[in-house]
Amino acid sequence: MGTARVVFDRWEGRYATRMRAVRSSAVRDLFAAASRPDVISFSGGMPDVARVPASAVAQATHETAYDEGTVALQYGSSEGRPQLRQTIVELMAETGVRVQLDDIVVTAGAQQGLDLLAKIFLDPGDVVITEGPTYVGALQAFSAYQPTILSIEMDADGMRMDLLEEELRRLGPRGAKFIYTIPNFQNPAGVTLTPERRRRLIELSQEYDIPLVEDDPYGRLRFEGGHVKPLRALDEDVIYLGTFSKIFAPGLRLGWMIAPRPIRAKVLLAKQAADLCGSAFAQVTAERYFGGTKWRKTLQNLTAAYSERRDAMLAALAEHFPSEAHWTMPSGGFFVWVTLPSFFDATTMLAEAVERGVTFTPGDAFYADGRGRNSMRLAFCYAEPERIHEGIARLAEVIEDRMALYRAFIAAGAISGEVCA
Amino acid sequence: MTEKIAVLMGGRSLEREVSLKSGERVFSALQDLGYRALALDVTPELVRTLRSERPDAVYIALHGKYGEDGTIQELLEFLGIPYTGPGVTASSLAWDKAITKRLCVENDIPTPTWIALTADAFKEMGAATALDLVPGVVGEFPLAVKPAEQGSGLGLAKVDSADTLAEALLAALSYGDKALVEKWVEGTVLAVSVLDGPEGPKALPPVEIVAHSGLFDFQAMYTRGETDYFAPARLGEDAIERAVGIAVQLHTLLGCRDVSRTDMVIADDGTPWVLEVNTSPGMTETSLLPMAAEAAGIGFPELADSLVKAALLRLK
């Protein structure tokens with residue numbers, strides 16, 4: 001039986017100053033309570049792990065315990081087990097990236113890779129360039145090291161290279177510590193960087209001597225269209241972050257980093273300080289899971305489910321959302337990015353949405369500077385298609401309600417803006 | 001003394017975080033005092049938990065919607081559990097600032113001129129076409145814009161010109177269905193807490209508030225160093241006496257019991273302009289009621305204890 005008991009943080013007031021920058025926004029804190037069961041959540045980007053067959057996981061862990069128990073229960077090397085890195089070499093080859101065993105460091109999810117890169121590269125005040133909007137977890141990982149984060153706008157083809165070039169010209173050579181990008185089915189925007197722009201991005205990175213960090217959690221979750229080669233396939237200096245979270249399960253906390261040797265050496269030092277080595281047990285389990293061929297079928301099932309949910313969300317958006325709203329058309333991944341008119345404040349709308357039983361992530365979460373208030377990220381990966389439809393209908397009502405107010409103000413000439421009748 | 005006291009906090013209100021801070025402080029104070037204290041969040045499990053835990057009284061450390069508007073009070077009446085603070089009627093009346101202000105006008109208590117507009121008045125009746133009339137009716141800029149039913153300065157804005165009035169109204173209306181536009185009164189901001197005692201309601205020393213930004217909003221209220229407080233207030237005896245008299249009068253008019261806090265601005269001519277009455281004042285480290293109590297020589301545990309004892313007296 002549930003309870004309403006509360007537990008407190010009695011250490012408040014004793015934390016380091018650097019943690020202040022990592023705090024989430026006041027408004028999002030206000031809605032920390034949105035965990036009622038009747039609420040349909042489009043907030044979290046959670047993989048549908050229920051579709052990973054328990055039998056395959058049981059088989060892999062069984063083998064781990066019985067065949068390699070003494071290794072799996074022991075400390076391992078900081079770079080990760082060679083067998084798993086061999087698996088990663090093969091996975092990378094399938095996406096068009098040729099790497100050696102030694103190019104790879106196994107990390108606790110790609111998230112650890114972000115933290116380690118920030119740790120080895122960033123002093124307070126250093127510049128980092130990201131897409132705008134960008135992954136909130138990257139902003140969190142970077143913020144702890146107190147950099148200045150500059151974001152570059154995207155369109156349907158990904159990060160705009162003209163704007164990036166403008167920024168780079170202003171900053172000059174080595175004017176930023178790195179450029180962080182999620183080229184495939186970007187989180188949160190859902191867009192994919194085109195092959196032409198990938199080439200241009202590499203050129204600019206070389207011209208201005210600024211390393212590229214390529215974060216690629218969703219690359220294999222493509223619903224349609226041809227595979228686009230990762231940036232790492234075009235330039236060996238690109239730092240690549242991969243993860244097992246979306247092709248297997250986030251519960252294992254397994255990811256990897258591919259980086260030039262000197263960077264890898266620094267990353268390994270930082271990783272030793274962080275956790276000595278990754279979980280050997282998780283690594284052996286993943287080796288065994290990817291040892292067979294069943295995982296391919298499972299990944300196909302997962303991708304098909306996400307694709308169906310993407311369809312459900314796009315259809316529901318087209319049916320219910322007002323004509324003033326625009327959204328991206330992801331051909332893979334987890335997210336749709338909705339942009340409302342510039343006068344619209346999606347952040348304050350969240351209060352009303354929670355009351356009506358639907359949540360989303362307001363756009364300003366994905367910017368370091370408070371922009372994005374007129375936008376929102378909708379995750380289609382987790383809810384079943386019928387729930388998606390119901391949730392979008394509820395959200396549309398809330399938007400319509402707010403929009404009616406904005407329209408009245410615009411019609412009266414009280415605020416400026418253009419609305420459709 | 002082993003009475004079991006459930007401290008209600010959190011909930012779904014926009015002031016959830018503030019309430020959790022208030023609740024935490026009250027909870028540990030009650031524990032130190034020897035009560036069997038219970039910290040409860042307001043969730044769909046609340047009633048079930050209250051029924052199984054059977055507390056002797058409830059301390060309402062909730063702020064905002066459901067906690068301060070009569071909802072929780074009505075529920076606790078139904079469950080037959082005594083609770084701290086004002087009852088259903090006083091809570092419902094004070095929750096709507098416009099009603100409190102009407103009550104002021106009817107009783108010759110100064111309150112700044114205002115208008116109240118609902119979202120429906122804008123959506124269904126074209127109220128936005130009349131914004132040009134606002135300065136004529138309410139007064140010249142600057143004006144204060146705020147949601148009629150909300151605490152902690154959420155959605156509060158000082159509007160300096162006609163250009164930003166609409167924007168401020170839209171923001172206020174995302175925090176509730178009714179917005180107030182009120183004449184901005186320059187002067188000393190004062191919070192006057194009133195506690196019920198054996199000889200009836202008695203005011204604590206007024207607390208003077210100096211927000212560095214000039215606007216005592218959510219940010220100023222809950223960020224250390226952004227606001228200075230003076231308790232007792234740096235005002236003459238006459239002004240203090242008048243302010244205190246009004247706070248006690250409003251406490252009685254609204255039918256408050258145990259505690260209330262009236263916020264007002266004392267203009268340069270000494271007129272105390274009433275802004276609102278709070279029936280569930282904050283109990284955080286930067287809150288005004290504990291500060292006033294401290295100035296009167298009443299420590300936080302003693303304050304919490306007196307409120308709990310008053311509720312326990314109502315135990316049938």
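The secondary structure of chain B comprises 12 helices and 13 strands, where helices (H or I, at least four residues) and strands (E, at least two) are DSSP runs numbered from the N terminus. The model is a predicted one, in which local features need pLDDT of at least 70 and side-chain atom pairs count only at pLDDT 80 or more, whereas totals for chains, interfaces and linings use all residues. Residues are numbered from 1 along each chain as its sequence is written, and chains are lettered from A and ligands numbered from 1 in the order in which they are written.

The radius of gyration of chain B, taken over C-alpha atoms, is 19 Å, which agrees with the value near 20 Å that a compact globule of 316 residues would have under the rule of 2.2 Å times the number of residues to the power 0.38. Along its principal axes, the C-alpha trace of chain B spans about 60 × 45 × 40 Å. Of the 316 residues in chain B, 54% are buried (20 or more other C-beta atoms within 10 Å of the residue's own, with C-beta atoms placed from the backbone). Contacts are defined by C-beta atoms, placed from the backbone, that lie within 7 Å; among those in chain B between residues at least 6 apart in sequence, 69% join residues at least 24 apart.

The contact between the chains takes 31 residues from chain B and 22 residues from chain A. On the side of chain B that touches chain A, the elements giving two or more residues are α1 (16-32), β2 (36-41), α2 (46-53), α6 (119-125) and α8 (165-173) of chain B. The residues of this side divide into 16 nonpolar, seven polar and eight charged, with Ala, Val, Leu, Ile, Met, Phe, Trp, Tyr, Cys and Pro counted as nonpolar, Asp, Glu, Lys and Arg as charged, and the others, Gly among them, as polar.

When residues up to four places away in sequence are not counted, Val145(B) touches Ala157(B), Val159(B), Ala168(B), Leu169(B), Ala172(B), Ala179(B) and Val181(B).

Note on methods. A residue is buried if 20 or more other C-beta atoms lie within 10 Å of its own, exposed if 12 or fewer, and partly exposed in between; C-beta atoms are placed from the backbone. Two residues are in contact if their C-beta atoms, placed from the backbone, lie within 7 Å.
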